[in-house]
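Please keep the sequence and the structure open while reading.

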Amino acid sequence: MFTLSDTASGSRATLVVLAGGASRRMGRAKADLPVAGTTLLGWIVARLGPSFAETLVVGAAAPPGARAVADRRPDAGPLAGIESGLTAMRTPLAFVVACDVPRAGPALAKTLLAASAGRDAAVPLVADPAKPACAASAGSSPPEIPPLTE
């Protein structure tokens with residue numbers, strides 16, 4: 001297992017897992033879907049959490065090893081969840097991932113955190129437009145988010 005102490009900034013980072021949302025199309029919370037004897041949220045936290053200085057779960061109850069963070073603006077979408085997580089974190093960097101992105105792994109986190117050095121964020125572009133629900137972000141980013149969600 002790698003640690004994030006050797007990222008480009010030399011800082012440790014927070015894992016921010018986005019688990020809010022109404023799941024209207026699915027009819028039940030994605031975070032509660034069963035995966036490998038646990039929930040999707042529990043699986044993500046167990047898989048990624050040990051590599052980070054802290055683990056935050058935004059918008060849902062946190063499984064063991066994580067701290068729950070309330071959405072500051074419920075129903076305002078994933079950017080508002082990102083804002084809540086970045087505001088609550090205790091480290092200068094974060095790897096933000098939605099709970100329904102199970103293939104996001106430690107190597108991706110490390111790559112994005114290194115790519116975000118000296119920037120507000122780094123977001124993988126696998127389709128156009130980029131999806132911010134998997135990104136590395138600096139703690140200085142929250143002031144930029146509110147105008148985008150209003």
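## Leu41 and its contacts

Leu41 touches Val17, Ala19, Ala31, Val57, Ala60, Ala61, Pro63 and Cys99, leaving out residues up to four places away in sequence. Contact here means heavy atoms within 4.5 Å. A nonpolar core is a set of buried Ala, Val, Leu, Ile, Met, Phe, Trp, Tyr and Cys residues joined through side-chain atoms within 4.5 Å.

## Basis of the model

This is a predicted model, in which local features need pLDDT of at least 70 and side-chain atom pairs count only at pLDDT 80 or more, while totals for chains, interfaces and linings use all residues. Residues are numbered from 1 along each chain as its sequence is written, and side-chain values use heavy atoms, with hydrogens and water left out.

## The largest core

The largest nonpolar core has 22 residues. Val17, Leu41, Phe52, Phe95 and Val97 touch the most other members. Two or more residues each come from E1, H1, E6, H3 and strand E8 (134-138). H1 gives the largest share, four residues. Helices (H or I, at least four residues) and strands (E, at least two) are DSSP runs, numbered from the N terminus.

In H1, the buried residues include Leu40, Leu41, Gly42, Ile44, Val45 and Leu48. Buried means under 20% relative accessible area, exposed over 50%, and partly exposed in between (1.4 Å probe, protein chains only). The cover over the buried residues of H1 includes E1, strand E2 (34-35), strand E3 (38-39), E4, E6 and helix H3 (106-115).

## Val17 in strand E1

Val17 sits in strand E1 (residues 13-18). Its relative accessible area is 0%, so Val17 is buried. Beyond neighbours within four places in sequence, Val17 contacts Leu41, Ile44, Val45, Leu56, Val57, Val58, Val97 and Cys99.

Which residue of E4 is the bridge partner of Val17? The partner is Val57. E1 and E4 run parallel and are joined by five bridges. Two strands pair if DSSP finds at least two bridges between them.

## Strand E4, covered on both faces

Five of the five residues of E4 are buried, so this strand is largely enclosed by the rest of the structure. Glu54, Leu56 and Val58 lie on one side, Thr55 and Val57 on the other. Three bridges join E4 to strand E5 (residues 67-69), again in parallel. Val57 stands opposite Ala68 in E5.

Thr55 belongs to strand E4 (residues 54-58). Thr55 counts as buried because its relative accessibility is 6%. Leaving out residues up to four places away in sequence, Thr55 touches Leu15, Val45, Gly49, Gly65, Ala66 and Arg67.

## One aromatic pair

The count is one aromatic pair. Phe52 and Phe95 are stacked, 6.2 Å centre to centre with 15° between the planes. Rings of Phe, Tyr and Trp (its six-membered ring) pair if their centres lie within 6.5 Å; planes under 30 degrees apart count as stacked, over 60 as edge-to-face and the rest as tilted. Phe52 lies in the loop between helix H1 (40-48) and E4, and Phe95 in strand E6 (residues 93-98), so the pair ties together parts 43 residues apart in sequence. Both Phe52 and Phe95 are buried.

## Cysteines

How many disulfides does a search of the whole structure find? The search finds zero. A disulfide is a pair of cysteine sulfur atoms within 2.5 Å. Cys99 is buried at 4% relative accessibility, and Cys134 is buried at 9%.
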